[in-house]
Amino acid sequence: MTKTRSWMLALALVLGASAVASAEDKAREQARAQVEFGIAVAQKGLWQEAVFRWERATEIDPTYAAAYNNLGIAFEQLGKFDRAGKAYEKALELEPQNLSIQQNYDLFKEINDRAKRNSGTSGS
């Protein structure tokens, strides 16, 4: 009886983990669809719509670094530099080894810092 119960518990744990993985996969798939739609509208210059889609992607999957990276780019385009910096930092927190995100953030910092020095503004 105890042996059967242990086996059933192990199976329940495996099935539970599988359900979690499946839910995570589904969330990532939904977030990816939002990111792709955001890219499509950004290519048309519709940055507000792109921000909406990428913020939605981060709500669906808060671990999706690409969505935060794209938000950084969009906020730069909209002149919202404080928000851009925070988005890049979150993306790097999630994927510190991602060279594309690091390059985007480094370029952002260089340009933003230069603009601040030249104009004396905070860049927000």
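These notebook entries record what I looked up in a predicted model of one protein chain.

**Entry 1. Overall make-up**

I began with the secondary structure. The protein chain has five helices and zero strands, and its elements run α-α-α-α-α from the N terminus on. I then looked up burial for the 124 residues of the chain and noted that 29% of them are buried. For contacts with a separation of 6 or more, I recorded that 44% join residues 24 or more positions apart.

**Entry 2. The nonpolar core**

I next asked which residues have the most contacts inside the largest nonpolar core. They are Val35, Trp47, Ala50, Trp54, Leu71 and Phe75, in a core of 26 residues. I also listed the elements that give two or more residues to this core: α1 (2–42), α2, α3, α4 (81–94) and α5 (99–119). As background I noted that nonpolar side chains tend to be buried together in soluble globular proteins.

**Entry 3. Helix α2 against helix α3**

I turned to helix pairs, which are described by the angle between the two axes and the distance between them. Helix α2 covers residues 47–60 and helix α3 covers residues 65–77; I read an angle of about 155 degrees for the pair, with the axes 9 Å apart. Angles over 145 degrees count as roughly antiparallel, and α2 is therefore roughly antiparallel to α3. The crossing of α2 past α3 is left-handed.

I listed the residues on each side of this contact. From α2 they are Trp47, Val51, Trp54, Glu55, Ala57 and Thr58, and they meet Ala67, Tyr68, Asn70, Leu71, Ile73, Ala74, Phe75 and Gln77 of α3. By class I recorded 10 nonpolar, three polar and one charged residue.

Two residues of this contact were looked up individually. Leu71, one of the residues with the most contacts inside the core, touches Val51, Trp54, Glu55, Thr58 and Ala87, leaving out residues up to four places away in sequence. With neighbours within four places in sequence set aside, I found Thr58 in contact with Ala67, Tyr68 and Leu71.

**Entry 4. Helix α3 against helix α4**

I then examined α3 with α4. Their angle is about 160 degrees and their axes lie 8 Å apart, so α3 is roughly antiparallel to α4. I noted a left-handed crossing for this pair.

In α3 the contact residues are Ala65, Tyr68, Asn69, Leu71, Gly72, Ile73, Phe75 and Glu76; in α4 they are Phe81, Arg83, Ala84, Ala87, Tyr88, Lys90, Ala91 and Leu94. I recorded 11 nonpolar, two polar and three charged residues in this contact.

Ala65 and Leu94 are 29 residues apart along the chain, and I read 5.7 Å between their C-alpha atoms.

**Entry 5. Helix α4 against helix α5**

For α4 with α5, I read an angle of about 155 degrees and axes 10 Å apart. This makes α4 roughly antiparallel to α5. The crossing of α4 and α5 is left-handed.

Phe81, Ala84, Gly85, Tyr88, Glu89, Ala91 and Leu92 are the α4 residues that meet α5, where I listed Ile101, Gln102, Asn104, Tyr105, Phe108 and Asn112. The classes here are eight nonpolar, four polar and one charged.

**Entry 6. Gly38 in helix α1**

Finally I looked up Gly38, which lies in helix α1. Its relative accessible area is 0%, so Gly38 is buried. Residues up to four places away in sequence aside, Gly38 touches Ala50, Arg53 and Trp54. Ala50 and Trp54 are among the residues with the most contacts inside the largest nonpolar core. I also noted the C-alpha to C-alpha distance from Gly38 to Glu55: it is 9.6 Å, for two residues 17 apart in sequence.

Conventions. Residues are numbered from 1 along each chain as its sequence is written. This is a predicted model: local features need pLDDT of at least 70, side-chain atom pairs count only at pLDDT 80 or more; totals for chains, interfaces and linings use all residues. Side-chain values use heavy atoms; hydrogens and water are left out. Axes are lines fitted to C-alpha atoms, for helices over the stretch in contact, and angles run from 0 to 180 degrees between N-to-C directions. Helices (H or I, at least four residues) and strands (E, at least two) are DSSP runs, numbered from the N terminus. Angles under 35 degrees count as roughly parallel, over 145 as roughly antiparallel, 65 to 115 as roughly perpendicular and the rest as oblique. A crossing is left-handed if the near helix is turned anticlockwise from the far one by less than a right angle, and right-handed if clockwise. Contact means heavy atoms within 4.5 Å. Ala, Val, Leu, Ile, Met, Phe, Trp, Tyr, Cys and Pro count as nonpolar, Asp, Glu, Lys and Arg as charged, and the others, Gly among them, as polar. A nonpolar core is a set of buried Ala, Val, Leu, Ile, Met, Phe, Trp, Tyr and Cys residues joined through side-chain atoms within 4.5 Å. Buried means under 20% relative accessible area, exposed over 50%, partly exposed in between (1.4 Å probe, protein chains only).
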